[in-house]
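Take a look at it first, then read on.

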Amino acid sequence: MSGPSKPAFTYDPSKPSIARVYDHWLGGKDNFAADRNFADELAGVLPNVHQIVRANRLFLGNAVRHLVADHGVAQFLDIGAGLPTADNVHQVAQACDPQARVVYVDNDPEVTAHGRALLADDDRTGVVEADLRDPDAVLADPVTAALLDRDRPVAVMMVSILHFVGDADDPHRMVARYLEAVPPGSFLVVSAARAEPLVGAEIENLYRTRLGDRGGDGAIARTEAEILRFFDGLELLPPGLVSVTRWRPGQAADGPDVPFVAAVARKP
């Protein structure tokens with residue numbers, strides 16, 4: 001006998017959602033006035049936020065193409081995926097390798113509802129509704145188990161999500177748990193907010209107060225040393241940990257510096 005069903009998800013247009021805010025920044029249409037107002041508030045504190053968001057999206061696409069084309073990766077676990085937009089992981093990966101498999105993970109029912117509707121006819125891509133802070137639940141989910149072969153390399157994607165995990169949840173140990181579950185030859189892909197003394201506290205407070213429980217612990221910017229710890233025991237690919245505007249696969253860092261960094265590393 002099946003358990004009780006979840007109540008139907010309903011949108012609340014009066015409260016901003018970080019997934020819808022990102023959708024707005026990327027030119028999408030799945031957002032409300034509250035999301036656009038929050039985006040404007042954040043831009044008032046961090047004027048180059050639009051540049052950061054778009055550079056972050058470019059980084060995601062570059063990293064996925066590089067891993068498929070140059071490293072033969074055909075499996076992706078995209079954690080904190082956000083709302084479906086152009087150039088999603090599965091679109092980029094499957095353009096390079098039609099057999100590539102992707103599992104999207106998010107704890108927002110709005111995100112997972114959109115994802116399931118979009119991917120209903122794609123048997124190589126699935127959606128898991130789970131909290132990234134519970135790696136065992138994510139890894140044991142039937143969708144993850146069905147789509148990802150743990151004996152073959154997996155790219156664990158944590159793009160623009162780790163700054164929403166507070167220190168009390170031990171994010172470094174959390175990331176290590178995901179990496180323990182995948183075989184040698186797998187990769188970790190990360191982009192995250194870098195601590196910015198002049199505006200950091202103001203941004204963290206804005207996320208915490210305006211997003212409420214959807215904002216988690218706020219946007220917890222970390223130093224580059226703290227972000228590099230996520231890659232302990234891994235082999236960083238060139239150009240290493242750099243501003244997200246500078247990450248180009250296998251090339252020297254070149255581009256404007258912003259308080260958001262990115263890197264890709266291989267599990268030996």
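Q: How many helices and strands does the protein have?
A: Helices (H or I, at least four residues) and strands (E, at least two) are DSSP runs, numbered from the N terminus. This is a predicted model, in which local features need pLDDT of at least 70 and side-chain atom pairs count only at pLDDT 80 or more, while totals for chains, interfaces and linings use all residues. Residues are numbered from 1 along each chain as its sequence is written, and side-chain values use heavy atoms, with hydrogens and water left out. The protein has 10 helices and eight strands.

Q: What is the mean pLDDT of the protein, and which residues fall below 50?
A: pLDDT is the predictor's confidence in each residue, from 0 to 100. Its mean over the protein is 86, and 88% of the residues reach 70 or more. Where pLDDT is low, the predicted coordinates should not be read in detail.

Q: Which two residues form the aromatic pair, and what kind of pair is it?
A: The structure holds one aromatic pair; rings of Phe, Tyr and Trp (its six-membered ring) pair if their centres lie within 6.5 Å, with planes under 30 degrees apart counted as stacked, over 60 as edge-to-face and the rest as tilted. The rings of Phe59 and Trp247 have centres 5.2 Å apart and planes at 85 degrees, so this pair is edge-to-face.

Q: How many residues apart in sequence are the parts that Phe59 and Trp247 tie together?
A: Buried means under 20% relative accessible area, exposed over 50%, and partly exposed in between (1.4 Å probe, protein chains only). Phe59 is buried at 1%, and Trp247 is buried at 0%. Phe59 sits in helix 3 (residues 49-71) and Trp247 in the loop between strand 7 (242-243) and strand 8 (260-266), so the pair links parts whose separation in sequence is 188 residues.

Q: Which residue's side chain makes a polar contact with the side chain of Arg222?
A: Arg222 is found in the loop between helix 9 (200-211) and helix 10 (224-228), and it is buried, with a relative accessible area of 4%. Leaving aside neighbours within four places in sequence, its contacts include Leu162, His163 and Phe230. A polar contact is a pair of N or O atoms within 3.5 Å; within protein, one must be able to donate a hydrogen and the other to accept it, and residues adjacent in sequence count only if both atoms are side-chain atoms. At 3.0 Å, the side-chain partner of Arg222 is Asp167.

Q: Is Ser160 buried or exposed?
A: Ser160 lies in the loop between strand 4 (155-159) and helix 8 (171-180). Its phi is near 55 degrees, a positive value in a residue other than glycine. With a relative accessibility of 8%, Ser160 counts as buried.

Q: What is the relative accessible area of Asp170?
A: Asp170 lies in the loop between strand 4 and helix 8. Although not a glycine, Asp170 has a positive phi of about 50 degrees. Asp170 is partly exposed, with a relative accessible area of 39%.

Q: What is omega for the peptide bond from Pro238 to Pro239?
A: Most residues other than glycine have a negative phi, and most peptide bonds are trans. Pro239 lies in the loop between strand 6 (235-236) and strand 7. The bond from Pro238 to Pro239 is cis, with omega near 10 degrees.

Notes: Contact = heavy atoms within 4.5 Å.
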